[in-house]
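The sequence and structure come next.

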Amino acid sequence: MTDGQRSPTSDGQIVVSGLTKQYKNVRAVNDLSFTVEPGRVTGFLGPNGAGKTTTLRMLLNLVTPTAGTATISGHRYADLADPLRHVGAILEASSAHKGRTGINHLRVICAAAGLPRERADAALELVGLTPAAKRKFKGYSLGMKQRLGIAAAMLGDPRVLILDEPANGLDPEGIRWMRGFLKNLAHEGRTVLVSSHLLSEMQLLADDVVIIAAGQLVRQGPVEQVLGSMAQGARVRVRTPQAEALTTALKAQSATVDTDEHGVLLVSGVDAPAIGRAALAAGVELHELTTERPDLERVFLELTAGKAGIR
Amino acid sequence: MNLVRSELLKIRTTNTWWIFALITLPLWALTLLINWLQADALTSNNMGELSAEQAAQFEAAASPDALSSNLFTTGQFFGLLIVMLLGIIVVTSEFFHQTVTTTFLTSPHRTAVMVAKLVAAGVLALLFWLVTTALNLVAGSAVLNAVGVDSQLGNDAAWRAIGLNLLAYLLWAVFGVGIGVLIRSQIGATVTGILLYLGGSIGAIFVIAILADRWGDWINNLQLLVPSLASSLMVTGADIPGNPPRWAGAAVLIGYAVVTGVVGTLLMRRRDIS
C-alpha cells in the first residue's frame, strides 16, 4: 500500500465546472458542470438550442466563457502542449475549403500541427476515403464530408474525441460504421464525447449520457441508471374487449392501471406473466400484451419537457 | 514556422493565387503601355507654353531618375490592389469556407496564427513583386532605350524606387489582412478594399483639389493620408516640386499597415468563433 497512493490520473478526463455563457439577450449556458470519463462513449443530449454546441466550443477555446472552466486532462484547451495529438474534434460538417482536395485539406492541418504529412494518407485510409483523396471538397457527399472531418480529428491519434452531431447526413450504413468506429475508440481507452439529438442512436452507442436543457444540466450518469431513475420500471400495454373486468382483477393485485385515448390499458406494478394469469383466472380475452421498456427518447422527453424550444 | 508553412500550403492548394496572377499580367501590360506613352511624351519636349512651376515639374518628371523609377515600378497600381485582395482572402476565406474552426483547433494561439497569415501574405506579395520587377527590368530598359535614355540599370534612384516598391507590396498585403479581419464577409471585404483603393484615391484627388482651391495649397499635402496616394508618392523616383516628401508617404503607409495588422490581431484574439 506504500506506493499505492498515486493521485487518480485525470488523463483523458473532461471536466466542465460552473460553465456559463451569456450572450446579449440569452444565457446560452448556465452554470453547467459535468465530467466525462475515458474509456466510455458519452452522449451529450439536449433539445435544439439547449447550449450543446456553445458548451463544446467553450471546451475547445473557440468561445470565451462568461464564467466557469472547462478542462481536458486537467488543462484548458489553449494550454495543451500539443492540442491535436491530445484532442480530436469535429464541429461542423462542411469545414473545408470547397476548392481544396481532401488530402490537401489534411496536409494543411498536418503542416500547422507539425505532424508528418504521411499522417494525412493514413487518416484517409482509416475512414475509407482514399479513393476520393484527390477530389475537391465541393464534390464530396455529406457522408464523405463527415468522414473527412473524422479523418482530420484522427490525424494526431488523439486520446480524446469530441464530436458535434457526427451522425448528421450519414446514411444507415454510415451511421452503423460510425457507431462501430466510436465504440472501438472508447474500447481502446479513449474519451469519446458525442453530442446528438438522435436518441435511439444514442441508446445504441452511449455508455453514459449528459442531458442538458435551456443551458442547464438535467441529468448525468450511465444510460441504464438514467433510464432506471425515471420510469418505475417497465410498463405493460394491454388491449382487451373487457377492460373493466381486467382492471378490477389487476387492481386487486395492487397494480396501477391507466387507460390511454384508444382504450389501451397501461399497467405498471405487475409484470406481463402476472397480467396473463390474472386475465386467465378472470376469463378475460386478451388481444395484446406488450412490455414497454423505458427508452431514452421517453426519458429525454420527460426530463426536458417544457424546457425545449425557442428562448 | 509550421504555421507559416501551413498558411502557404493553404494558398498553394487553391486556385486563387494563379487566377490573381493571370489577372495581374494584362493589367501590368496595360500600365507598361501607359508608362511608355508617358515617357515618350515627357522626352519629346513639345509641351507648348508652360508656367515656370509647371516647367519645373516637367523637368523633374522627365529626369532619367524619375523616368526609370516610374518604368521599373510598372504595374504597381494594380499590383498593390491584387496583393491587398490576396491579403483579404487569406483571412476571409477561412470564414467563407468555415475552416477557421479547424485552424484555431489546430493552433489555439491565435496571435501566432495571425502572424503566420501576415507573413504568408507578405511572402505572396514578395513573389508578385519579384516577378513584376523581373519583367519591368527587361521591358523598362527597352522603353528607356527607345525614348533615348540609357537603360538606367545602374541608377541608384531607380533601385531605391524598386526597393520602396517592394515595401509598398508588403505593406498592402498586411493592409489586406487587416481589412479581412475587420470585415469577415469575403464579398464585403473585397468590395470595401477595391472601393478604398480605386474610389478612395480618385475621390480623394477630387476632394483634395476642391479643398485646396478653397483653402490653399497646403491641403494638397493631405493626399498623403490616402493610402494609395501615399504609396504612389513613395515610389516616385525624385521629389517632385509641390508634392510632399517621399519618406512621408512611406511613414503613412507603415502606420496604416501597423494599425490594421495590430487591430486585426487583437480582434481575432478576442472573437468568439461559432
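## Contact between the chains

In this predicted model, 29 residues of chain A are in contact with 23 residues of chain B (C-beta atoms, placed from the backbone, within 7 Å). On the side of chain B that touches chain A, helix H1 (2-12) and helix H6 (100-106) each supply at least two residues; helices (H or I, at least four residues) and strands (E, at least two) are DSSP runs, numbered from the N terminus. H1(B) gives the largest share, 6 residues.

By type, this side of chain B has 14 polar, 6 nonpolar and 3 charged residues. Ala, Val, Leu, Ile, Met, Phe, Trp, Tyr, Cys and Pro count as nonpolar, Asp, Glu, Lys and Arg as charged, and the others, Gly among them, as polar.

## A sheet in chain A

Chain A holds an open sheet of 4 strands in the order E11-E12-E10-E13, with antiparallel pairing (at least two DSSP bridges between two strands). Strands E11 (256-259) and E13 (288-292) of chain A stand at the edges with a single partner strand each, so one side of each lacks a neighbour in the sheet. On average, neighbouring strands are turned by 25° against each other, direction ignored; axes are lines fitted to C-alpha atoms, for helices over the stretch in contact, and angles run from 0 to 180 degrees between N-to-C directions.

E10 (residues 235-239) and E12 (residues 265-268) of chain A pair over 3 bridges. Arg237(A) stands opposite Leu266(A) in E12(A).

## Helices across the sheet

Helix H9 (residues 243-251) of chain A lies across E10, E11 and E12 of chain A, at about 10° to E12(A). Helix H10 (residues 272-282) of chain A lies across E10, E12 and E13 of chain A, at about 160° to E13(A).

## Basis

Residues are numbered from 1 along each chain as its sequence is written, and chains are lettered from A and ligands numbered from 1 in the order in which they are written. In this predicted model, local features need pLDDT of at least 70 and side-chain atom pairs count only at pLDDT 80 or more, while totals for chains, interfaces and linings use all residues.

Notes: Contact = placed C-beta atoms within 7 Å.
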